Amino acid sequence: MCEALSWGGETTRVRITNFIGGSTSLRVHCKSDDDDLGVKTLGPHAGFEFKFKTAIEPFYRTFFLCTFGWAGISHSYVVYNQNKAKYAQSCWAIKASGPCLCDCKNPTCTYDKDCYNWAGVATTLKS
C-alpha cells in the first residue's frame with residue numbers, strides 16, 4: 001500500500017484493481033499536485049491501494065489523476081476529486097471499456113453500475 005502525504009482532514013483510501021481481462025497486465029501511474037506514487041504494474045485481478053488525508057478547505061483540494069496503460073493503449077482518469085468524491089473509500093475496477101467505481105465498504109458491489117467510458121480517443125504508448 002502506498003501512503004500519499006497531504007495536509008489535512010479526513011483519511012481517504014483509493015484501491016485500483018486490474019479488470020482489463022485475459023492475461024493482460026495493467027500499468028498504473030497516479031499522482032496529485034503534491035505526490036507522485038510512481039508506476040505500478042498489476043497482473044490480472046491484482047490491485048494496489050493508497051491512502052491520504054484530504055486537504056483542508058479553502059486552501060487546497062485533493063485531486064489524484066491516474067494514467068492506465070495496456071497493450072499499446074493509454075487512458076487517464078481522475079480517481080479522486082475532493083469536490084466530487086462519492087465515497088471516502090473508493091474502489092476502482094479498471095476495464096478495457098472504462099473505470100468502474102464502488103464503495104470499498106460495500107461487500108456486495110459488483111462493479112457494474114457506476115461505470116464510466118474513457119474520455120477522448122485512446123493513444124498509443126511511447127516506448
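1. The model here is a predicted one. In it, the two sulfur atoms of Cys30 and Cys66 lie 1.9 Å apart. This pair ties together distant parts of the chain: Cys30 belongs to strand E3 (residues 26–31) and Cys66 to strand E6 (residues 63–70), 36 residues apart.

2. How accessible are these two? Cys30 counts as buried because its relative accessibility is 0%, and Cys66 is likewise buried, with a relative accessible area of 0%.

3. Next comes the disulfide of Cys91 and Cys104, with sulfur atoms 1.9 Å apart. This link is right-handed too, at 115° about the S-S bond. Cys91 sits in strand E8 and Cys104 in the segment after strand E9 (98–103), 13 residues apart. Cys91, at 7% relative accessibility, counts as buried, and so does Cys104 at 18%.

4. Please have a look at Cys102 and Cys109, whose disulfide has an S to S distance of 1.3 Å. Cys102 is buried at 3% relative accessibility, whereas Cys109 is partly exposed at 26%.

5. For the overall picture, the count comes to four disulfides. With the bonded cysteines numbered in sequence order, the pairing reads 1-2, 3-6, 4-8, 5-7.

6. Finally, the largest pocket has a volume of about 200 Å³. Its lining has 13 residues, with Val78, Val79, Asn81, Lys84 and Trp92 nearest the centre. Strand E7 (73–81) gives the most to this lining, five residues, and strand E8 (89–95) supplies at least two. By class, nine lining residues are nonpolar, two polar and two charged.

Conventions: Residues are numbered from 1 along each chain as its sequence is written. This is a predicted model: local features need pLDDT of at least 70, side-chain atom pairs count only at pLDDT 80 or more; totals for chains, interfaces and linings use all residues. Side-chain values use heavy atoms; hydrogens and water are left out. On a 1 Å grid over the protein atoms alone, a cavity is a set of points where a 1.4 Å probe fits but cannot get out, and a pocket is an open set with protein on both sides within 12 Å along at least five of seven lines; lining residues have an atom within 4 Å of a point. Grid points are joined across faces, edges and corners, and a volume is the space filled by probe spheres set on the points. Helices (H or I, at least four residues) and strands (E, at least two) are DSSP runs, numbered from the N terminus. Ala, Val, Leu, Ile, Met, Phe, Trp, Tyr, Cys and Pro count as nonpolar, Asp, Glu, Lys and Arg as charged, and the others, Gly among them, as polar. A disulfide is a pair of cysteine sulfur atoms within 2.5 Å. Buried means under 20% relative accessible area, exposed over 50%, partly exposed in between (1.4 Å probe, protein chains only).
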